[in-house]
There are 2 protein chains.
Amino acid sequence: MNILFLLTPKSDCAYVREEDTIRQALERMSAAGFAAVPILAKDGTYRGTLTEGDLLWAIKKLYLMDMKEAESHGIMEIQRRKDNQAVSVTTPVEDLLTTAVDQNFVPVVDDRGTFIGIVTRKAIMQYCMDTYIFAKRAQPVHAG
Amino acid sequence: MNILFLLTPKSDCAYVREEDTIRQALERMSAAGFAAVPILAKDGTYRGTLTEGDLLWAIKKLYLMDMKEAESHGIMEIQRRKDNQAVSVTTPVEDLLTTAVDQNFVPVVDDRGTFIGIVTRKAIMQYCMDTYIFAKRAQPVHAG
């Protein structure tokens with residue numbers, strides 16, 4: 001088992017080029033619909049990661065935005081790409097994992113629908129590693 | 001083992017309120033440093049997820065941005081929050097998992113540093129589930 005088994009090859013990846021302008025990056029990221037993409041040099045080497053957040057804060061700075069407009073609109077007027085699916089606090093952990101595969105965090109609600117916190121993918125991956133992978137390594141080897 | 005074990009409680013979560021303006025959301029998200037946060041109603045119920053990308057595309061639309069400025073700046077001038085760490089294609093899968101805990105995808109390079117693709121957290125979580133969790137369920141039960 002090696003990394004190639006899990007790889008999304010370059011031909012199927014969205015990316016930006018280091019010589020791109022902010023406008024080109026906006027267009028590429030808008031088309032791709034990803035929150036973060038790799039930045040590649042002309043010779044194909046990896047240079048870093050560009051996120052929608054990087055573009056957001058850059059544009060805010062670049063345009064010295066007049067905040068009056070932003071003050072007069074509520075966030076519920078904004079079009080959201082996708083709401084993360086919430087789970088009940090009584091959901092079994094294995095079902096939580098299935099939900100977490102498609103989103104960066106899982107909101108958790110109590111039985112009245114009140115938000116009580118989130119489970120991050122980081123916490124889940126750490127749990128998977130501790131429980132299954134490192135636990136497996138730590139097991140004594142039984143003779144056949 | 002239940003979800004509470006993995007929970008980041010509300011008191012430690014960044015979130016926005018559904019009555020927030022775009023300006024308030026920008027300030028909260030800038031301070032929190034997260035790419036996505038939950039949206040909560042006044043009564044504490046979960047309403048959805050707001051991402052930096054949602055704000056980016058909303059602002060682009062709201063301000064009918066003059067793209068001349070965005071055309072005259074290259075993306076390498078932008079301050080990036082954090083570059084995802086790349087791994088070599090020969091990295092063992094278990095080390096890949098350790099890298100993936102802290103980033104949403106892992107860029108993969110060959111031995112000359114050329115980008116050959118990415119491994120997504122989604123692929124990794126799917127792999128963990130298939131290999132460890134569902135495999136465990138499928139194992140026959142041995143009598144003591």
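Predicted model: local features only at pLDDT ≥ 70, side-chain atom pairs only at ≥ 80, totals over all residues.
Biologist: What makes the packing of α2(A) and α2(B) oblique?

Modeller: Helix α2 (residues 52–62) of chain A and helix α2 (residues 52–62) of chain B pack at an angle of about 40°, with their axes 8 Å apart. Angles under 35 degrees count as roughly parallel, and 65 to 115 as roughly perpendicular. The two helices are therefore oblique to each other.

Biologist: What is the handedness of the crossing of α2(A) and α2(B)?

Modeller: The crossing of these helices is left-handed.

Biologist: Which residues make the contact, and how do they divide into nonpolar, polar and charged?

Modeller: From α2(A) come E52(A), G53(A), L55(A), L56(A), W57(A) and I59(A), and from α2(B) come E52(B), G53(B), L55(B), L56(B), W57(B) and I59(B). They divide into 8 nonpolar, 2 polar and 2 charged residues. Gly counts as polar and Glu as charged.

Biologist: Why are β2 and β4 of chain B said to stand at the edges?

Modeller: The open sheet has 3 strands in the order β2-β3-β4 (chain B), with mixed pairing. β2 (16–17) and β4 (46–51) each have a single partner strand, so one side of each is left without a neighbour in the sheet.

Biologist: How do you know that β3 and β4 of chain B pair?

Modeller: Two strands pair if there are at least two bridges between them. Strand β3 (residues 36–40) of chain B and β4(B) have 5 bridges, in the antiparallel sense. P38(B) stands opposite T49(B) in β4(B).

Biologist: Where does helix α1 of chain B lie?

Modeller: Helix α1 (residues 22–32) lies across β2, β3 and β4 of chain B, at about 70° to β4(B).

Methods
Residues numbered from 1 in each chain as written. Chains lettered and ligands numbered in written order. Heavy atoms only, no water. Axes fitted to C-alpha atoms, helices over the stretch in contact; angles between N-to-C directions. Helix = DSSP H or I, 4+ residues; strand = E, 2+ residues; numbered from the N terminus. Parallel < 35°, antiparallel > 145°, perpendicular 65-115°, else oblique. Left-handed = near helix turned anticlockwise from the far one by under 90°. Contact = heavy atoms within 4.5 Å.
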